[in-house]
Each structure stands twice: as C-alpha cells, then as structure tokens.
Amino acid sequence: MYNISSKFPSASGAYFLNYYHPKNRKNHNYFSQRLLDFKDRDIQGYYYFYNLIKRANTNILKCDVGLRALGSSETNSKHNIKQPLYKLLKSGLLKNKLIGHVLNKPITKQMKNAGGKDNRKQILSNTYTCKSSIKKYSSVLILDDVITTGTTINEIIRSIKKQVPYMKIIIFSLSKTYSSSGRKYSKISN
C-alpha cells in the first residue's frame with residue numbers, strides 16, 4: 001500500500017494499493033488488467049482485490065461510514081448495490097461501520113476521456129453534493145477504484161466539508177494511474 005496523503009492535504013490520510021498502467025501505454029501488467037476486470041464487474045477481478053485488501057493493513061482506514069466515488073453515469077449510490085466498490089465497502093474489509101448514501105451528482109462525461117487535470121476540474125466543478133445526514137458521522141472513508149489527477153476525490157471532499165468542515169476523511173483507492181513524469185509515492189508496510 002502507498003501513502004498519497006500529501007496529494008490531499010484536506011483529508012486525514014490517503015492510500016492506494018498499487019500503480020495502474022493503462023492498456024494503451026507501456027508496462028500494462030497483471031495488476032492493471034485485474035483492475036480493468038474489476039471495473040467491468042468480473043468476479044475474478046473482484047476477488048483479486050478482495051484478497052489484496054485482506055492482506056493489507058486496513059486498520060488505518062477505520063471510519064464510521066464508507067462512501068464510494070460515483071461513476072460518470074451515476075447520480076447516487078443507493079440504486080447500484082451490485083457495483084464492485086459497494087461490495088468491498090459491504091465486505092467489512094475496509095473497517096467502515098456503515099455504508100452511506102449521502103453523495104449525489106449529475107451524469108457527467110467519462111473521466112477516462114476527459115484529458116488533463118484542467119478538463120477534469122471543469123467537468124466536475126461543484127457537481128457533487130452531500131446530504132446533511134453526513135453530520136451524524138465523525139469520520140468518512142472515501143473509496144475509489146483509480147485516482148488519476150485526484151479531481152474526483154477533491155470534489156467529494158469539497159462537498160463533505162461544505163456540510164461538516166472538520167470531518168475526518170480517509171481516502172482509499174485500489175490504484176493510482178502511473179505517470180513517468182509524475183510524483184512517486186512512498187510504500188508503507190502492510
């Protein structure tokens with residue numbers, strides 16, 4: 001697991017399992033293929049990540065409620081309980097006590113086709129809203145499958161902090177998109 005907390009200073013901590021190498025670039029590997037399988041709701045992809053998380057130190061992720069980043073075609077998480085990220089939250093592996101359905105957003109353009117950070121910010125700017133019911137929790141785990149620029153996570157944090165400015169927020173992603181010119185993050189022990 002890698003520590004990416006410096007990328008999200010308004011969160012209490014941020015972590016990812018491993019680097020994702022897109023198919024259209026060099027170094028696409030087994031981990032990266034399993035991530036694509038996971039995103040496609042393939043059961044083998046799900047169990048691959050289930051087992052990786054099971055071996056990781058998830059105590060640092062312990063929070064009252066787990067929320068997942070919403071896909072581009074989703075407006076909320078309540079009606080999509082077969083989504084693999086939801087299943088991971090429900091599994092108990094991530095140490096969240098409950099699963100929350102407090103995030104909403106409009107349907108957006110797919111982030112994989114959005115281009116750079118500026119385009120992503122423009123697409124997602126002020127799109128997420130967080131219900132006031134988030135106030136009954138003292139800590140939140142945000143789960144995502146891949147972090148590329150961090151725009152989605154920052155938008156979710158913004159919407160939560162608008163409701164509860166001092167909320168403890170932990171971020172956990174299955175992966176971070178590898179960039180040969182980007183910053184490399186420290187691996188932490190499991």
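What follows is a short chat about a predicted model.

Visitor: What kind of model is this, and what are its cut-offs?
Guide: It is predicted: local features need pLDDT of at least 70, side-chain atom pairs count only at pLDDT 80 or more, and totals for chains, interfaces and linings use all residues. Residues are numbered from 1 along each chain as its sequence is written, and side-chain values use heavy atoms, with hydrogens and water left out.

Visitor: How many helices and strands?
Guide: Five helices and nine strands. These are DSSP runs, numbered from the N terminus: helices are H or I, at least four residues, and strands are E, at least two.

Visitor: In which order do they run?
Guide: From the N terminus, β-β-α-α-β-α-β-β-α-β-β-α-β-β.

Visitor: How do α1 and α2 cross?
Guide: The axes of α1 (residues 30-39) and α2 (residues 43-55) come within 7 Å and cross at roughly 120°. Axes are lines fitted to C-alpha atoms, for helices over the stretch in contact, and angles run from 0 to 180 degrees between N-to-C directions.

Visitor: Which residues meet there?
Guide: From α1, Tyr30, Phe31, Arg34, Leu35, Asp37 and Phe38. They meet Gly45, Tyr46, Tyr48, Phe49 and Leu52 in α2. Contact means heavy atoms within 4.5 Å.

Visitor: New topic. How much of the protein is buried?
Guide: Buried residues make up 50% of the 190 residues. Buried means under 20% relative accessible area (1.4 Å probe, protein chains only).

Visitor: And what box do the C-alpha atoms fill?
Guide: Roughly 45 × 35 × 30 Å, along the principal axes.

Visitor: What share of the contacts join residues at least 24 apart?
Guide: 74%, among contacts between residues at least 6 apart in sequence.
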